[in-house]
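Q: Can we walk through this model together? Start with the layout, please.

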Amino acid sequence: MAAGFLTFVALNFACLCVSGNLASGKRSFSIDYKNNCFLKDDQPFQYISGSIHYSRIPQYYWKDRLLKMYMTGLNAVQVYVPWNFHEGAQGHFLNLANQTGLLVILRPGPYICAEWEMGGLPAWLLQKPNIILRSADTDYLQAVSNWFAVLLPKIKPWLYINGGNIISVQVENEYGSYYACDYNYMRHLQTLFRFFLGEDTVLFTTDGNTDKEMTCGTLEGLYATVDFGTDTNISEAFKRQRRFEPRGPLVNSEFYTGWLDHWGDQHARVTTEKVSKVLGEMLTMGANVNMYMFEGGTNFGYWNGKDNFVTSYDYDAPLSEAGDPTEKLLAIRDVIKQFRDIPAGPMPPATPKFAYGFVTLKKVKSFFYALLSTLSPMGPVQSHYPLTFEEMKQYYGYMLYRTTLPRDLSEPTPLISPLNGVHDRAYVSVNGVYQGLLQRDTALVMNVTGHQGDTVDILVENMGRVNFGSKINDYKGLLSNLILGKDVLTDWKIYSLDIDGAITGGWPHSARKQSNPPMKKELSFGPNLYMGTFPPNGLSWDTFLKLNEWTKGQVWINGMNLGRYWPARGPQQTLYVPGPLLSSNQPNNITVLELEGAPAHLRVLFMDRPQLNATTDKS
């Protein structure tokens, strides 16, 4: 299990060592039900916190972001632990938080939502086809118990009462929004948390501002908190919390400073004036407030939840996607000044940005499917019917399904996904010539032509698993048969594609130059890989990559997967490129997987500012 979040919390330790009753060994954090507040070292305490997701921010920048939060006047930071992120990741997030001087409100799940892939649950859970996630289902509880038996003992030394800086721990997350309403499940989690963290740890729940959500998400022994944004009647929301917690502190665990973006919609905005006004009103009431998000960050790689969340998680937050202070942050600091002393000194500046300019790419090979020996070195699995990503034990990215045409198709013949079984997009080629796509929910039929025995390649893209609601059992790949005219397509060769592994290993830039034969015009369409380099200029500053007139795909720079691009849909037009990813003295490698069609110019542009709200095409 990775310990990434542990170092993040520890960044605060130097400051905490000289505060409270640590010197006498009498640290405490508890709920004062008589006086409706938290007690920290036996003194009334009100937290002003902000959410930040270490999994969405390059580790190099963790300290910078935490320091900016501290200098805004926050005294706490709220942190999720995404279970699926920690299967192979390493890091040190809690240590950094401890050194900075911020207390920590920890939300370890096991489910976190967060617009994160499958809400933080690992996709390997779906290998049990009948598993009921977030319930007292035996298979699910066993997996959660095994995970928490590793995670929670690592958390215990970092509890404030044990000398660390974690003041409270959330159990599950917005469980009242889930259909199951399984109190036995919540009791099981409560037992695990108490067993591993002790009876004195403040455990809480967070739920939406409705009676149903609060009813199904709360449990006796777990302090019930509420979440809401700027358009909510504050008094009514806290009255609802009071119905479930008649005494104790008022808490808004997720006060929304912005909102999330979807492909095809406008970039979300929440005005600075609204955020400042409502924050001031809550603090005046003595409420404890966590601002969600304080910095959103980026869905690098394949970590976005659901199939329509964009790569940027900017969230219109006080710190931008690149961690830059905004007018909203300065306004929030002015509000906080009215309620507590804030640290003296200047706000750390925005990180420097640079426009590296245009880079021209070249196609890696005549067509994508000629690269299977590199991208799928283990070769195919043969199956009469299609297998899902989960059955193939490939959980993210792309997989190739290959079969042959069963008969001549001189006329366009419909290829149909009759049960909406393409999850999420399937790019169809015959003998290497791109013919079109099938897409979950929206494009279930396309036409195909060819001759008996022609190779049919279907590249399936997993665009991210559902992270919220009743459909988080979100299997990927071809979930059901495809029908071609009157024929069921069978006898598949299925290739797990390790594109990330190949690129991380230096391919295709490390491969010897290959002379490509002349290509027919149509081979520029459909899935193809492109590569390029741009020379060092002595700088490794943040930048933003724009793929003007490219259609849809994935980008890697120096082996790191930046995430998905889809400028044809928008609103996001640029990808954030962290400066530490770039070399100041060696050529920087770019690899692009374009899924539908590259522009003739094959150029990409590195800019010194983002474009997150361009005109969108909803078609």
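A: The protein splits into domain 1 (44–338), domain 2 (357–365 + 501–607) and domain 3 (378–497), with bounds from an automatic or database domain assignment. This is a predicted model: local features need pLDDT of at least 70, side-chain atom pairs count only at pLDDT 80 or more, and totals for chains, interfaces and linings use all residues. Residues are numbered from 1 along each chain as its sequence is written, and side-chain values use heavy atoms, leaving out hydrogens and water.

Q: How many residues of domain 1 are in contact with domain 3?
A: 30 residues of domain 1 contact 21 residues of domain 3. Contact means heavy atoms within 4.5 Å.

Q: What area is buried there?
A: About 2000 Å², with carbon and sulfur atoms giving 58%. That is the accessible area (1.4 Å probe) the two parts lose on being put together, summed over both. In domain 1, Leu126, Tyr302 and Asp307 lose the most area to domain 3, together 28% of what that side buries.

Q: How many salt bridges cross that interface?
A: The rule finds one. It needs a side-chain nitrogen of Lys or Arg within 4 Å of a carboxyl oxygen of Asp or Glu.

Q: Switching topic: what does Ile590 touch?
A: Beyond neighbours within four places in sequence, Ile590 has contacts including Val359, Tyr530, Val555 and Phe606.

Q: What does UniProt say about 529–584?
A: An unreviewed entry annotates that span as "domain: Beta-galactosidase galactose-binding". Such annotations may be inferred rather than shown by experiment; positions use the numbering here and feature names are shortened.
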